[in-house]
Amino acid sequence: MSARINTILIIGATSGIGEAFARRFHGMGKTVIATGRKELPGLETRQFDISNLSALSSNVNGILKDYPDLDTVLINASIQKCFNLFDPSTTNQSQVADEYTTNLTAPTVLVHLLAPHLFTLANSGTKATIFLTSSSLACMPLSFYLAYCPAKAGIAALTRIPRQQLSFAPGAAKNNMDIVEIVPPYTDTGLDKEHRDMTIAMRGGPEKAFQPMPLDEFVDKFFQVLEQTGPGGSIKPEIGVGFGQVGVETWRGSFGKVYEQMGLST
């Protein structure tokens, strides 16, 4: 429900899905703080590289000092590499480590840094939200993306575990704070520009390769689902689009049922 969002920090907002979200929220009259490695014309932009883990604390503290009423965080930054585990010439240890740092370690550190602020806000009665962008590849990994797929599976877990912790929290926070997984399908952005032609060839050429969803179509469908609220104006725990929604429904219909039997919130 977009009405609960007033001031939103978007991590990884200077291209692709992140930029599209930033511009859409800004067009809705929201206060948007965009972060990335370059300036985003027309928007408040903080330039920093989330793979620089040692600088994240000071970057976050600076944003919270300037925006003490920040009520929503959307962690979207990602990189994607294509390599073959059995062909060392396709990558090196540093590239593998960098991909995990950007796609999983840094988002985890950012949640650690930002969750206490949002929890305090929610406990005072203000609606607060954390969005984390995973991928349909979190539930259906493909051989092209040896590090990207498991990192995105980690992001899926990173939404469920804090959600469980929140369900045990005393006070109003558990009713006012949402932790939401965004699950895109293969979307037409620059994420795979370095290897798109190669992966198309590996799938048998353009006639056989599955096509990406246009970015505008994905964003439109995301915002349609965002407005579908649950009890008390809560946001759905997952916002899946296209094949991403197939993954959400499959997980909810299987492992989600097991969690329900255990009495655990997911």
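# Working chat: helices, strands and rings

Q: Where is aspartate 66 placed in this model?

A: Aspartate 66 has its place in helix H2, which covers residues 53-66, and since the model is a predicted one, that placement should be read as part of a prediction.

Q: And is aspartate 66 buried, partly exposed or exposed?

A: Aspartate 66 has a relative accessibility of 44% and therefore counts as partly exposed, because that class lies between the 20% limit for buried and the 50% limit for exposed.

Q: What does its side chain make a polar contact with?

A: The partner is the side chain of arginine 46, and the polar contact between arginine 46 and aspartate 66 is at 2.6 Å.

Q: OK, on to histidine 117. Which helix is that in?

A: Histidine 117 belongs to helix H3, and H3, spanning residues 93-123, is the helix through which the chain crosses from strand S4 to strand S5.

Q: Is histidine 117 buried or exposed?

A: Histidine 117 is buried, as its relative accessible area is 18%.

Q: What is it in contact with, and what lies 2.8 Å from its side chain?

A: With neighbours within four places in sequence left aside, the contacts of histidine 117 are Leu64, Pro68 and Leu70. A polar atom of the histidine 117 side chain lies 2.8 Å from the backbone oxygen of leucine 70.

Q: Let's do the strands. How many residues of S5 are buried?

A: Six of the six residues in strand S5, which runs over residues 128-133, are buried. Ala128, Ile130 and Leu132 point one way from S5, while Thr129, Phe131 and Thr133 point the other way.

Q: How does S4 run relative to S5, parallel or antiparallel?

A: Strand S4, residues 72-75, runs parallel to S5, and four bridges join the two; within that pairing, leucine 74 has phenylalanine 131 of S5 as its bridge partner. The chain gets from S4 to S5 by way of helix H3, in a β-α-β crossover that is right-handed.

Q: What about S5 and S6, how many bridges there?

A: Strands S5 and S6, the latter being residues 177-183, pair in the parallel sense over six bridges. Alanine 128 has methionine 177 of S6 as its bridge partner, and threonine 133 has isoleucine 182 of S6 as its partner.

Q: Is S6 mostly covered or mostly open?

A: Strand S6 is mostly covered, with seven of its seven residues buried. Met177, Ile179, Glu181 and Val183 point one way from S6, whereas Asp178, Val180 and Ile182 point the other way.

Q: Are they buried or exposed?

A: Phenylalanine 21 is buried at a relative accessible area of 0%, and phenylalanine 223 is buried at 7%. Both also belong to one aromatic cluster, formed by Phe21, Phe25, Phe131, Phe218, Phe222 and Phe223.

Q: Which ring does arginine 160 lie over?

A: Arginine 160 lies over the face of tryptophan 251, at 3.7 Å from the ring centre. Arginine 160 is located in helix H4, residues 148-167, and is buried with a relative accessible area of 16%.

Q: What else does it touch?

A: Not counting residues up to four places away in sequence, arginine 160 touches Glu181, Trp251 and Thr266.

Q: Last one, phenylalanine 83: where is it, and is it buried or exposed?

A: Phenylalanine 83 lies in the loop between S4 and H3, and at 8% relative accessibility it counts as buried. Beyond residues up to four places away in sequence, phenylalanine 83 touches several residues, including Val96, Glu99 and Phe144.

Conventions
Residues numbered from 1 in each chain as written. Predicted model: local features only at pLDDT ≥ 70, side-chain atom pairs only at ≥ 80, totals over all residues. Heavy atoms only, no water. Buried < 20%, exposed > 50% of the residue type's maximum accessible area, 1.4 Å probe, protein only. Pairing = 2+ DSSP bridges. Right-handed = clockwise from strand over helix to strand, strands pointing away. Polar contact = N/O pair within 3.5 Å; in protein donor to acceptor, adjacent residues only side chain to side chain. Contact = heavy atoms within 4.5 Å. Phe/Tyr/Trp six-rings, centres within 6.5 Å; stacked < 30°, edge-to-face > 60°. Lys NZ or Arg CZ within 6 Å of the ring centre and 35° of its normal.
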